[in-house]
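Please read it alongside the sequence and the coordinates.

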Protein chains: 4
Amino acid sequence: MAIKTGIVGAAGFAGIELVRLVLRHPDLDLTVVTSNELAGMPVAAEYPGFTGATGLAFSAHDDPSLDACELVFLAVPHTAALAMAPHLVAGGATVVDLSADFRLKDPAVYEQWYATPHTATDLLARAAFGLPELFRADLERAAQARTAGEPALVACAGCYPTATSLAAAPAIRAGLAATNGVVVADAISGVTGAGKKATARTHFCFADENLEAYGVGTHRHTPEIEQILGIARQGRLVFTPHLAPLNRGLLSTVNVPLAPNAPADAAAYVELYRDFYRDSAFVHVLDAGSMPKTSSVAGTNNAHVGLAVNAAARMLIAVCAIDNLGKGAAGQAMQCANIVCGLPERRGLDPVAVPV
Amino acid sequence: MAIKTGIVGAAGFAGIELVRLVLRHPDLDLTVVTSNELAGMPVAAEYPGFTGATGLAFSAHDDPSLDACELVFLAVPHTAALAMAPHLVAGGATVVDLSADFRLKDPAVYEQWYATPHTATDLLARAAFGLPELFRADLERAAQARTAGEPALVACAGCYPTATSLAAAPAIRAGLAATNGVVVADAISGVTGAGKKATARTHFCFADENLEAYGVGTHRHTPEIEQILGIARQGRLVFTPHLAPLNRGLLSTVNVPLAPNAPADAAAYVELYRDFYRDSAFVHVLDAGSMPKTSSVAGTNNAHVGLAVNAAARMLIAVCAIDNLGKGAAGQAMQCANIVCGLPERRGLDPVAVPV
Amino acid sequence: MAIKTGIVGAAGFAGIELVRLVLRHPDLDLTVVTSNELAGMPVAAEYPGFTGATGLAFSAHDDPSLDACELVFLAVPHTAALAMAPHLVAGGATVVDLSADFRLKDPAVYEQWYATPHTATDLLARAAFGLPELFRADLERAAQARTAGEPALVACAGCYPTATSLAAAPAIRAGLAATNGVVVADAISGVTGAGKKATARTHFCFADENLEAYGVGTHRHTPEIEQILGIARQGRLVFTPHLAPLNRGLLSTVNVPLAPNAPADAAAYVELYRDFYRDSAFVHVLDAGSMPKTSSVAGTNNAHVGLAVNAAARMLIAVCAIDNLGKGAAGQAMQCANIVCGLPERRGLDPVAVPV
Amino acid sequence: MAIKTGIVGAAGFAGIELVRLVLRHPDLDLTVVTSNELAGMPVAAEYPGFTGATGLAFSAHDDPSLDACELVFLAVPHTAALAMAPHLVAGGATVVDLSADFRLKDPAVYEQWYATPHTATDLLARAAFGLPELFRADLERAAQARTAGEPALVACAGCYPTATSLAAAPAIRAGLAATNGVVVADAISGVTGAGKKATARTHFCFADENLEAYGVGTHRHTPEIEQILGIARQGRLVFTPHLAPLNRGLLSTVNVPLAPNAPADAAAYVELYRDFYRDSAFVHVLDAGSMPKTSSVAGTNNAHVGLAVNAAARMLIAVCAIDNLGKGAAGQAMQCANIVCGLPERRGLDPVAVPV
């Protein structure tokens, strides 16, 4: 029987992509989609691509029918998820949170970067981290708990942390990164990453035909990457995000200084990474010499990883391409929901991007 | 049991979109994909989005395993389909042709516009026209023939003719167009419509940040539109295609002069069109006052139609948005194949575009 | 001695392009740039391309130093120009207005389309129409008046009217258009035409990879085109604007039904148009068979016109490409200012677009 | 009296931008533009933006009228410049070479990276390096030599080296970079950087909506950056270029590990850089906290530099935005030509980018 599903914050870019994914999922039944701003408006009025596909209309976040959902996705800004998750979990729903509210394990780090106290530290302690390829055990525990009747909360990884960590983690976990070196991650995102709000930054005429770095030294995904990679000690990461004129796509180029004993040829890393990701249906490690393109993964939950080594500089250059709204947001949330709900991990997720 | 399916010309833009659609189709089994130019190369090497999804490699057009296919899509240029279709049909395959070779019913018109003789006029006479919303009976006859063991050939409509005709046909068939007026269709296409060949026209730096008209007065889709709409009498159509900087999307703005007795308010046409398309799952007629966006249909087989009337000028302005590779090519071919093979018409086709 | 120049509404897209043009003009001295919203902010803070080139900051529209300007450009929305122009003209300034407030000669038509009364009909009667290639005498009269000490007001033509009229006027003025036919103009604009305000329409993620028609049947440039072309009689024009994903560029494809006596070959029109524009430095009529590209004129005040004839349909297809912020706004305003101020018409205007 | 000027390889993207710049330069007289491929074709036929602005047609590279030029720009691929420069210099022309042939001071390094012997090492030894902000003395020596009747050769810096070096050089020259650290430069270019040749990489449909890294570890600009920055010792630089969907623009994000004694606040570097570039008209150092946009410099010879420090990681993040065809190619070549010819450095170069 289909799982009653709700999406809170369904009118934003990650939220509406979730609407698309849930509607096509054979085991989920989308019963409520909320947006305080657009409450009352049909989904298809705001996003005309849904014309004929759903008669659902947005309701407000306090829609009581949310309480009847067994699965709730939260696609709201940070602090909003913090406010809603405890009630939903207490009501028995499995909650998959796309916000940053339950990602950082240390409430002090959360408070430092988000400038607001963490008001649900108990739940934080129990949250599974939603990046299945790196924290599968976390999610399987949540699945078992759910089976046992204990509601689960998944804190999905952010877009930059996902791509950056998929690129760097296998080498770092294998102990091949120099422990005294600095990991330099320069990442580029499409404009959907900047959100639905119409601003100067998201104005077509300012984003088009432009490249820029932003949030240099201050981007809130920095502590999240440090946590995932276990390099949270001060100064092990320099992360710089950039904006480029495309809708969907995120490319993270991660420069990992190699330990003295680490090999210095790309082939060794291709082998290592393929072994690391051998059970990960969504991550594809390209042949040595090949580099990923974001267009190859647009609209999907796939991640493509390319690897090169600068032997003289003892540097691994690991590049990961994802769709920031796919593996970087809604796709990953769906993958996590599948795992926690005991469904096949790929259910409802497109295996192949539109080719051109 | 799955239908053995082949795609000839699978490396071009329409062909590779067909590869994607056939791979995800539950009733089709893709056994051969051909490209003379890329014979021997894995599909995923040329289009890395297929990494992990198929191990198929391109073979040459003369691959004998084509003969074992029950369903063959031809996504080759005109004349190439003319050369291959007779043999395939004779061999018993159902052939869905995306080229122009079997679209024009009158061989003389074909020869005039394509400057080459038509060498398979018998087959031409039997070909079903692949635009289901306007020629459904044609396709159902083909389906019955196929059931009776007689191989079928479908000549899918071109991209501009599809959008232009879906916009204009309901009014014209209802006798509401002035019989002495000229239909003016100004259409805009994304660059995938210009094909995979790397040329000055398809170079990013010439296509980006540019708008232009092309093929003015000479575009080969002109006689096809005239045939579909039944306005082939000299001078009833002025068709001008334009190129704009996007990948997928085709918008046709069709100005239809109204007959003296025709109503002059948009609402009447919205009603008429909705009735006309009431059994067409893929065509959505928007409310009066709304106009379609190509982004609403990208990646799908959907068509959105918007209607307005200039009462003073006695002109219906009918606008249709499609994905030139979807309803304008591969999607429509799949829809036709579904019908002819007796499958549900929507099988394997995405109902909803990526929302942003 | 340089002419003291002010720009009101300098922070919008047309306004800031004027800032660029005035700064590079050898005979103008930019002394004041206003923006109520950004008053106090340096120009280079909002538009960093001006870093190092000007220390000017925006002031409010009521900046008294405007009164010291001999030349004032108004790049404000309609009604705002109506409110300011009388005072500025009375103060002795030459005013070049980019808004719609003084374009429509008949106040009743203005009131019908802009839903507000015209409160300066005296000034309206005296306004020169700013489309020099078609109304040069108007501007020369204004120049003579200015020399005689009488302040001048120029109402610059809008972007769509400029491109559409440059395409259609030579044929219509030569009496070659069928007087009972409907002119169909389908035009496409880049997103700068939608203005600086951040809205859903101008959001990168909604404008990118999308084509749409808008304002169908209701666009306020309709009566302006009718006035310019002298086809204001009800129903002689159907005008449909479209939006495409580029910054600058406007292409108008104008279908003009030909009179019985009119020639039906493109070459005749190329000759006619070249003669018509022989003294117009900014308009280039392309060879028969060539069609204009907006990228050829981006950043300039140039207009390229291409001509084709559909002999069977007795239709002239005249296509004009301009930069909507150049010949469609700021460039044309500067050209008008040059003429009215007695300067060479091309002064300060780039002759050549960036080639790629 | 105007300087007779020729451009060899004028049909490529850097070449045609030079045509634009030379045509608008008050002291240069463009007499010959060559292209072997397009010999005989008018410039305006290939690049219609020049319609009405020049009647010049391309001639072949062996056009004898090149010999009459006092100033020759070489915008040809490497090895082609090597073949032509000696003859032109011997004939007395001042040669400004945009290729890589005379950039690398050590012929062995040239031969290693370009896989071809250097056949003009005498001339190489005399070549001035064309990056005025960092090697002004070189160019002034060339200017003096030219005055003394000795022909000059300028080897203009490449696009990535220019942006990367402008970002990193002031810190490195001040001794603030850790001598045992690795400089990581991740740079992004628009598609004009990939050249005019129509290829899969430059096809609109593959470049649009895509991000990718390329030439990882193998890009030929690597040794050039090492030479400019004086960090040629093996392994001091990891350079990764990326491609993004825009025409013009290059952003280099350079991560410079700081020496123990170096300050760790951005303000200190802003001050240092402003002092360093105090006499450089084209380089603007932004306020601490601001980061450059490539759109701010498109079409110009300007470079914008933004600076941030990650104090914990002891890393300077220096970001430079240029137009790859401006300061990265044709603009810089013109700037060098101005210096060597004794003209004001900014002559003929636009001070301000199109603002939107």
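## The contact of chain A with chain D

A:Lys293 and D:Glu212 are joined by a salt bridge, with their closest N and O atoms 3.4 Å apart; the term stands for a side-chain nitrogen of Lys or Arg within 4 Å of a carboxyl oxygen of Asp or Glu. The model is predicted, and local features need pLDDT of at least 70, while side-chain atom pairs count only at pLDDT 80 or more and totals for chains, interfaces and linings use all residues. Residues are numbered from 1 along each chain as its sequence is written, chains are lettered from A and ligands numbered from 1 in the order in which they are written, and side-chain values use heavy atoms, with hydrogens and water left out.

Between chain A and chain D the count is 2 salt bridges, together with 14 residue pairs in polar contact, both residues being at pLDDT 80 or more. A polar contact is a pair of N or O atoms within 3.5 Å, where within protein one must be able to donate a hydrogen and the other to accept it, and residues adjacent in sequence count only if both atoms are side-chain atoms. On the side of chain A that touches chain D, the elements giving two or more residues include helix 8 (204-207), strand 9 (212-213), strand 11 (250-257) and strand 13 (303-310) of chain A, and strand 10 of chain A gives the most, with 4 residues. Helices (H or I, at least four residues) and strands (E, at least two) are DSSP runs, numbered from the N terminus.

By class, that side of chain A has 23 nonpolar, 12 polar and 5 charged residues; Ala, Val, Leu, Ile, Met, Phe, Trp, Tyr, Cys and Pro count as nonpolar, Asp, Glu, Lys and Arg as charged, and the others, Gly among them, as polar. The contact, meaning heavy atoms within 4.5 Å, takes 40 residues from chain A and 40 residues from chain D. The buried area between chain A and chain D is about 3300 Å², of which carbon and sulfur atoms give 66%; this is the accessible area (1.4 Å probe) that two parts lose on being put together, summed over both.

## The contact of chain C with chain A

Chain C and chain A each bring 21 residues to their contact, and the area buried between chain C and chain A is about 1500 Å², with carbon and sulfur atoms giving 71% of it. Across this interface the rule finds 0 salt bridges, whereas 8 residue pairs are in polar contact, both residues at pLDDT 80 or more. Helix 8 (residues 204-207) of chain C gives the most to the side of chain C that touches chain A, with 4 residues, and the residues of that side divide into 11 nonpolar, 6 polar and 4 charged.

## Salt bridges within and between chains

Over all chains the count comes to 68 salt bridges. One of them joins A:Lys327 to A:Glu133, with the closest N and O atoms 2.7 Å apart, and this pair links distant parts of the chain, A:Lys327 being in helix 11 (residues 326-340) of chain A and A:Glu133 in the loop between strand 6 (128-130) and helix 6 (136-147) of chain A, 194 residues apart. A:Lys327 counts as buried because its relative accessibility is 0%, and A:Glu133 is also buried, with a relative accessible area of 8%; buried means under 20% relative accessible area, exposed over 50% and partly exposed in between (1.4 Å probe, protein chains only).

In chain B, the side chains of B:Arg201 and B:Glu212 meet in a salt bridge of 3.3 Å, N to O. B:Arg201 lies in the loop between strand 8 (183-189) and helix 8 (204-207) of chain B and B:Glu212 in strand 9 (residues 212-213) of chain B, so the pair ties together parts that are 11 residues apart in sequence. B:Arg201 is partly exposed at 36% relative accessibility, whereas B:Glu212 is buried at 7%.

B:Glu212 also forms a salt bridge with C:Lys293, the closest N and O atoms being 3.5 Å apart. This pair crosses between chains, with C:Lys293 in the loop between strand 12 (283-285) and strand 13 (303-310) of chain C, and C:Lys293 counts as partly exposed at 27% relative accessibility.

## Helix 3 of chain A

The buried residues of helix 3 (residues 80-90) of chain A are A:Ala81, A:Leu82, A:Met84, A:Ala85, A:Leu88 and A:Val89, and what covers them includes strand 1 (3-8), strand 4 (71-74), helix 4 (107-114) and strand 7 (153-156) of chain A. A:Ala90, placed in helix 3 of chain A, counts as exposed at 70% relative accessibility. Helix 3 of chain A is followed by A:Gly92, whose phi is positive, near 105 degrees.
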